[in-house]
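Subject: Structure for your review

Dear colleague,

Please find the structure below.

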Amino acid sequence: MLSIILLSIFGIVVLFLGFQKSKNILLPATLLCIAIAFAANFVHWNDAPGLYFKEMLFENRLTMSFSAIVLLSAFLVVALTRGFADDEAAQPAEYYAIILFSLVGAIMMIGFDNLIMLFLGVEILSVSMYVLTGSDKRNLRSNEAALKYFLMGAFATGIMLFGIALLYGATGSFNLTDIRGYVGTNSFSISTLLYVGLLLVLIGMLFKVSAAPFHFWTPDVYDGAPTVFTAFMSTIVKTAGFAAIYRLLSGSFEGIYNFWWFTLAAITILTLVVGNITAVYQQSFKRMMAYSSISHAGYLLLSLTAMTAQTPDAIVFYSLAYSLATVSAFGVLMAVAREKSVQSHENAEDFEAFNGLGKRNPLLAFVLTVSMLSLAGIPLTAGFWGKFFIFGTIVERGNLIWMLIVAILMSAVGIYYYFKVIIATYMKDGETGALRVPPFYRIVLIVSTTLTLLFGLIPKLLS
Amino acid sequence: MLSDFGVIFLFIITAIAFIAVALTIARLVRPHRPNVEKLTTYESGEDPLGNANVQFNGRFYVIALIFVLFEVELVFLFPWATVFGQASLIAQTDGLWGWFALAEMAIFVGILALGLVYAWAKGYLDWVRPQPKLPAVKSSVPADLYGKVNKKYAQKTKSV
């Protein structure tokens, strides 16, 4: 919980650091802040679990692991922001401050013990993301994406708030433990309001993680936002969102599993099919990554539908693997697209951007390949073990094998579009001439690729 | 048995019904003699001018945003004030409660004040005044010539 307080203070400090003439201090300062918050996250590791702020927030080793994933991916993404202070109209201090504030929201979502905190966390994270999506002020598509995201997000938040109100009406409490108690004691006379409320809250949360019937905003927003914030969105928002859904379902509503599992199963199947099939038809790498993030939401939902004792570990591992691979994929895209957009402004983010990358910069090509293999779930990468653990939970549940079959078929479809990128990298001829990568990028990419391979070889490392 | 939501729903229905009944009765009872003065939009006694759909200066929004921020702060101050002054809590903690509550509110207000300082230092509060453009005439006659002429003829009329 210390990390929440620290990040809030750091956000204000970074905001005021922006008054300095030199903007170069901002990036290292922000990285330092996130690193300190990362360390502070583990302060209570040995005396967990605990309740904080008058039972508003909860902390155990699981929430700490989720927070650690969020902070790690934030660190890697922020390290990729080098160079966006070059634009004269940009306000780097404000972006960094908003990033730090959004992390506060993410950690609140991960460890809420009160539905009010869930709402507050979702809002802090979402409002920050609306601003960051539109941070490329002169770009029309960035503005459009921000407005779309804001309008749709505001509706989803409204629906979620309505659901929270109904849950309160049914149980008389916002507290997760009290709601669990209500569900446990009145198992034969549960108010209808509780069911409706739970579904509305779930709709709001599934919107935030872009699950299938509520995914329409995702491609446009991911495509329009500046690439670095797309990476931020697809890693941090997703991890925090799934941590929140898990906490809600396991913390309060395990007693009525028979009520919600089928809804979640239907949404899972729809998400997997829509995400994977649509990704096949994309020309732009960023849009493909948007649909691929929808499909990964499907895999994570799969594990939530199973809801066994292994589910939390599976979600943690999968989120970590997915975040690392996504960060490196977007990192390579930024390195390539920046070079390309100088020459011609169009199609800088298409698959063709990667043509001939294998010859131009072997390191980037290798990083991209590993990240694509990890997203596709090929062995020796972290993504394989992520999928393995997720599928393991489904097998453990027993009666949901049909979902497993759909999921495996869909991951086979996934291999097709991930390999399209690898083929473009190695087999197609494109521009020649070495591609220079700034050292900062190189470090981030090497770190995330090494971690992906490390967790792929030794998945037990995280336990 | 009505749930609490049912009671609220009844309240809403009653409110709508009450207004509908009151307006209908008023319509039936009141005399109906409209004139131009009565039918104009009420604007605090001023004559309404022009279209309402005009473009506002963008600076209004910044000021309005900052205003809303402090308005919300005020909303939080009211419930805080009741808890702050609760005699039983103060008695239980030997007056420590008061200091604790005061410090918490000071932190809250302080953070908001920092935000205001930020906006101020960034210059978002500066209301840039429009600079009126005075008409300038390019003339080969030096400006002080007119003054001299005036002075000269003024002396002449005096002497006459």
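Two residues are in contact if their C-beta atoms, placed from the backbone, lie within 7 Å. On that basis, residues 24 or more positions apart account for 78% of the contacts in chain A with a separation of 6 or more.

This is a predicted model, in which local features need pLDDT of at least 70 and side-chain atom pairs count only at pLDDT 80 or more, while totals for chains, interfaces and linings use all residues. Residues are numbered from 1 along each chain as its sequence is written, and chains are lettered from A and ligands numbered from 1 in the order in which they are written.

Chain A as a whole

Chain A contains 18 helices and 2 strands (DSSP runs numbered from the N terminus: H or I of at least four residues for helices, E of at least two for strands). Its radius of gyration, taken over C-alpha atoms, is 21 Å, close to the 23 Å that the globule rule (2.2 Å times the number of residues to the power 0.38) gives for 463 residues, so chain A is as compact as a globular protein of that length. The C-alpha trace of chain A spans about 70 × 55 × 40 Å along its principal axes. Of the 463 residues in chain A, 55% are buried (20 or more other C-beta atoms within 10 Å of the residue's own; 12 or fewer is exposed, and in between is partly exposed).

The H1-H2 pair

In chain A, helix H1 (residues 2-17) and helix H2 (residues 26-41) pack at an angle of about 170 degrees, with their axes 9 Å apart. Axes are lines fitted to C-alpha atoms, for helices over the stretch in contact, and angles run from 0 to 180 degrees between N-to-C directions. H1(A) and H2(A) are therefore roughly antiparallel (an angle over 145 degrees). Among the residues making the contact are Phe10(A) of H1(A) and Cys33(A) of H2(A). The residues of this contact comprise 12 nonpolar, 3 polar and no charged (Ala, Val, Leu, Ile, Met, Phe, Trp, Tyr, Cys and Pro count as nonpolar; Asp, Glu, Lys and Arg as charged; the others, Gly among them, as polar).

The loop between E1 and E2

Lys54(A) lies in the loop between strand E1 (50-52) and strand E2 (57-59) of chain A. Although not a glycine, Lys54(A) has a positive phi of about 55 degrees. Lys54(A) is exposed, with 8 other C-beta atoms within 10 Å. Glu55(A), in the loop between E1 and E2 of chain A, has a positive phi of about 60 degrees.

Yours sincerely

Methods:
Parallel < 35°, antiparallel > 145°, perpendicular 65-115°, else oblique.
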